[in-house]
2 protein chains.
Amino acid sequence: MTGTPAEAVLNQLGPILGDAISASRGVREQYSRSESYRIPALPDLVARPSTTAEVQAIVRACASSGLPVVAFGAGTSLEGNAATIMGGLCVDLSRMDQILAINAADMDVRVQPGIRRKTLNAQLRDTGLFFPIDPGADASIGGMTSTRGSGTMAVRYGTMRDNVLSLEVVLSDGRAIRTSSRARKSAAGYDLTRLFVGAEGTLGIITEVTLRLHPQPEAIAAAVCPFPSLAAAVEAAVFVMQAAIPVARIELLDDVMMRGVNRHSGLSYPEAPTLFIEFHGTPAGVAEQAEVVEGLAREAGAEGLRWATEPEARSRLWHARDNTLYAGRALRPGCEAIITDICVPISALAECLEATKRDADESGLLAPIVGHVGDGNFHMLILVDPADAEEIERGRAFHARMVRRAISLDGTCTGEHGIGTGKMVYLEEELGDAVDVMRLVKQALDPRGVMNPGKIFTLAGGGAA
Amino acid sequence: MTGTPAEAVLNQLGPILGDAISASRGVREQYSRSESYRIPALPDLVARPSTTAEVQAIVRACASSGLPVVAFGAGTSLEGNAATIMGGLCVDLSRMDQILAINAADMDVRVQPGIRRKTLNAQLRDTGLFFPIDPGADASIGGMTSTRGSGTMAVRYGTMRDNVLSLEVVLSDGRAIRTSSRARKSAAGYDLTRLFVGAEGTLGIITEVTLRLHPQPEAIAAAVCPFPSLAAAVEAAVFVMQAAIPVARIELLDDVMMRGVNRHSGLSYPEAPTLFIEFHGTPAGVAEQAEVVEGLAREAGAEGLRWATEPEARSRLWHARDNTLYAGRALRPGCEAIITDICVPISALAECLEATKRDADESGLLAPIVGHVGDGNFHMLILVDPADAEEIERGRAFHARMVRRAISLDGTCTGEHGIGTGKMVYLEEELGDAVDVMRLVKQALDPRGVMNPGKIFTLAGGGAA
């Protein structure tokens with residue numbers, strides 16, 4: 001009578017969700033791939049709930065039918081994190097995009113997961129507060145939480161790990177829990193908030209996020225600083241971190257990426273390894289920081305900083321930085337980019353960057369670099385011709401060496417993109433038996449295995465090939 | 001043949017540990033109570049391992065015999081967190097007190113769990129770095145990690161949650177895992193580091209801790225500032241937080257506690273609600289912060305700040321603050337102190353403090369206050385006569401109202417002391433079904449229930465009465 005699990009779920013949810021659930025091929029195909037998906041992954045159903053109660057009904061129906069249920073935010077993740085690789089129901093949370101409460105005195109805000117970070121900041125503008133986490137893309141807050149996202153301002157303001165105060169989560173049995181109070185700190189039992197941050201929807205579906213906010217800085221200054229070599233640029237960044245200068249951002253673009261930025265954004269920066277730096281604080285504090293950083297940059301070999309203090313000039317500068325994905329691709333029209341994401345202790349950063357760049361050259365690959373160097377985190381865009389199977393294979397082999405190099409330097413296979421499907425094998429290599437602890441937690445919280453299955457690790461162990 | 005589980009474990013471990021394991025009553029009694037223990041709790045055995053391998057052998061023996069195994073650091077916890085309330089083996093980690101690696105360039109350090117924070121800082125002095133977390137007591141790093149401790153500098157540097165980079169943990173099956181790489185940020189799977197931070201030894205025994213360090217500030221200034229009322233002092237603290245002044249500490253002592261401080265330390269501060277404030281930064285930065293804070297304090301009704309810039313004067317000031325447990329008790333010789341620990345959103349802090357103080361007065365209780373007010377966290381010492389059962393009961397009832405008031409204000413039943421045995425019933429009230437998630441995690445990681453049983457929650461649910 002009910003047929004497949006998907007049909008059973010559709011029958012059960014149709015009366016509750018009406019046209020907010022669909023099995024039509026046209027709708028499902030909108031969710032079947034992203035820029036990052038390695039394989040098209042067509043969901044059986046797509047639901048667009050408006051309330052936590054609807055999410056609970058969806059999860060209950062899927063759990064009872066054994067149908068995978070996969071949360072979907074803005075589709076900007078980069079490791080296939082939200083792909084329905086085993087089919088199932090895709091829960092598009094974009095209708096749950098409201099700000100529920102702004103507590104300006106406490107500098108926090110409670111939001112639904114579907115709100116995007118730029119919309120949030122636009123709505124916060126008059127409060128004097130802002131939400132600093134900036135992964136580049138206009139991601140949803142729920143998605144950023146689920147992948148433990150970070151981006152350019154993590155060096156000053158931390159990552160999603162540090163900026164989520166509390167969550168409402170729908171568990172695999174359909175119950176909704178709140179992971180903590182709204183107090184700034186707590187020693188009340190296990191840190192469930194941090195357990196769900198970065199779990200990529202494999203332990204539950206996030207339906208509310210309470211975020212820390214920060215005062216809009218009184219003064220902001222930004223600067224661009226080219227260096228004679230990659231090593232010199234990294235050295236300057238390390239000096240800045242060790243001097244505890246509270247820079248708001250310190251981003252590295254290599255010479256190849258600067259060429260792409262100039263080409264894509266019609267700019268004329270020197271095509272040399274370059275730091276993009278931003279300072280937040282009081283006018284006097286910003287001036288003091290800027291002076292110290294300029295001194296450190298000169299010590300590392302730079303000629304000087306080019307300033308952008310006016311909002312428009314700053315906006316142009318960061319727009320150029322935020323578009324490095326497109327700028328990188330502009331270096332080779334028609335190419336696809338294999339996007340990488342590793343993070344190492346900062347003492348190993350120069351060695352890691354130089355070995356990686358040398359390897360790219362030796363492999364005959366065009367691969368511009370952009371990095372959140374204050375955290376030891378960087379990305380390469382490995383540009384490959386989608387029609388050239390040999391080159392794609394060469395790019396993949398290079399990527400594997402790059403990740404293993406980071407792990408061998410006591411770094412991590414992903415600084416901010418998450419494991420998804422793309423990094424499973426490396427997670428095992430990085431953490432060994434600790435991945436078994438993740439498995440135990442997963443099996444305890446999702447005994448039916450319906451929450452975003454096939455991500456982060458395989459239940460059987462050993463990772464994906 | 002083997003008799004009780006404790007005898008079986010002793011037979012098994014004796015050949016491995018030699019005189020590092022003991023069943024003698026004299027030794028066991030040293031671990032049977034602390035200042036905070038509500039009931040004496042005598043372990044059956046005490047072991048003092050020197051290596052991770054010895055901890056693994058201990059845990060394996062206990063798990064196979066079903067004997068509780070409870071990690072013990074410096075014995076400074078305040079909610080019975082390390083009490084062997086169900087008997088079992090007490091693992092005293094004080095012999096594992098070595099610094100294993102200082103990575104000065106990365107500003108991190110890897111230590112064994114038994115090292116105490118003051119020893120660590122003494123050994124770091126020449127590196128230009130320090131470990132800022134200061135809970136007052138000279139606690140062990142393992143203990144501070146397990147209770148998610150924090151203290152006076154959390155307002156600037158965060159809590160143990162924010163300052164632990166990675167852990168080595170012995171699981172209940174005897175395996176040792178490393179929870180993460182040494183990279184500053186990572187999106188590599190579940191946040192196991194944060195899962196064990198604050199788990200109070202109920203999920204595993206921590207055998208190594210990698211900590212973030214911070215540069216020793218170039219300039220430090222400290223000040224004491226009396227206020228005409230508690231509300232005025234809290235208002236000033238809230239102004240400071242909202243102005244995003246990066247104070248290193250901002251501590252509130254009420255008029256009663258100031259009387260105790262004067263009496264205990266032979267000082268002559270005004271006996272009024274008082275903020276103790278410390279600034280870290282460059283000389284210019286500290287001067288700027290101090291000027292802004294002085295202005296905000298005056299705006300809230302203070303006459304001005306009394307400065308202590310010389311190291312000796314600062315040391316006297318913070319020594320007085322750190323001894324508030326003794327200073328409070330000095331107000332009533334022979335008394336015992338019921339120590340409390342709640343944390344609320346800062347917007348609710350004035351209301352919470354004033355209602356609590358009014359309640360203490362109406363209950364006829366002498367109860368000095370000390371608070372990490374920048375975080376919304378404060379403690380009361382409820383001073384009771386240990387021979388007066390009625391007064392103890394009155395103190396306990398007052399404590400219950402205080403905790404419930406914090407929860408009703410969207411706060412937490414513990415900001416930094418942990419749940420232990422003392423806060424189990426309140427954890428259920430605060431988090432409801434979320435405690436079931438903690439139970440599921442506990443049962444998955446410790447199926448035999450041997451790791452510090454009877455703490456944080458009961459496995460059956462409902463909390464302890």
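1. A:M107 sits in the chain A loop between β5 (99-103) and β6 (108-111). Helices here are DSSP runs of H or I with at least four residues, strands are runs of E with at least two, and both are numbered from the N terminus. Phi of A:M107 is near 55°, a positive value in a residue other than glycine. A:M107 is buried, because 23 other C-beta atoms lie within 10 Å. The cut-offs: buried means 20 or more other C-beta atoms within 10 Å of the residue's own, exposed means 12 or fewer, and partly exposed is in between, with C-beta atoms placed from the backbone.

2. This is a predicted model; local features need pLDDT of at least 70, side-chain atom pairs count only at pLDDT 80 or more, and totals for chains, interfaces and linings use all residues. Residues are numbered from 1 along each chain as its sequence is written, while chains are lettered from A and ligands numbered from 1 in the order in which they are written.

3. A:R148 also deserves a look. Its phi is near 55°, a positive value in a non-glycine residue. A:R148 lies in the loop of chain A between α5 (141-146) and α6 (154-157). A:R148 is buried, since it has 27 other C-beta atoms within 10 Å.

4. Next, the interface. The contact takes 71 residues from chain A and 70 from chain B; two residues are in contact if their C-beta atoms, placed from the backbone, lie within 7 Å. On the chain B side, elements that each supply at least two residues include α11 (283-299), α16 (424-431) and α17 (434-445). α17(B) gives the most, with 9 residues. By class, the side of chain B that touches chain A has 32 nonpolar, 21 polar and 17 charged residues. Nonpolar covers Ala, Val, Leu, Ile, Met, Phe, Trp, Tyr, Cys and Pro; charged covers Asp, Glu, Lys and Arg; the others, Gly among them, are polar.

5. B:V240 belongs to helix α9 (residues 230-242) of chain B. B:V240 counts as buried because it has 24 C-beta neighbours inside 10 Å. Not counting residues up to four places away in sequence, B:V240 touches B:I245, B:V247, B:I250, B:V293 and B:L296.

6. Last, the core. The largest nonpolar core has 305 residues, and A:V91, A:A237, B:V91 and B:A237 touch the most other members. Such a core is a set of buried Ala, Val, Leu, Ile, Met, Phe, Trp, Tyr and Cys residues joined through C-beta atoms within 7 Å. Leaving aside neighbours within four places in sequence, A:V91 contacts residues including A:A47, A:V55, A:F72 and A:I205.
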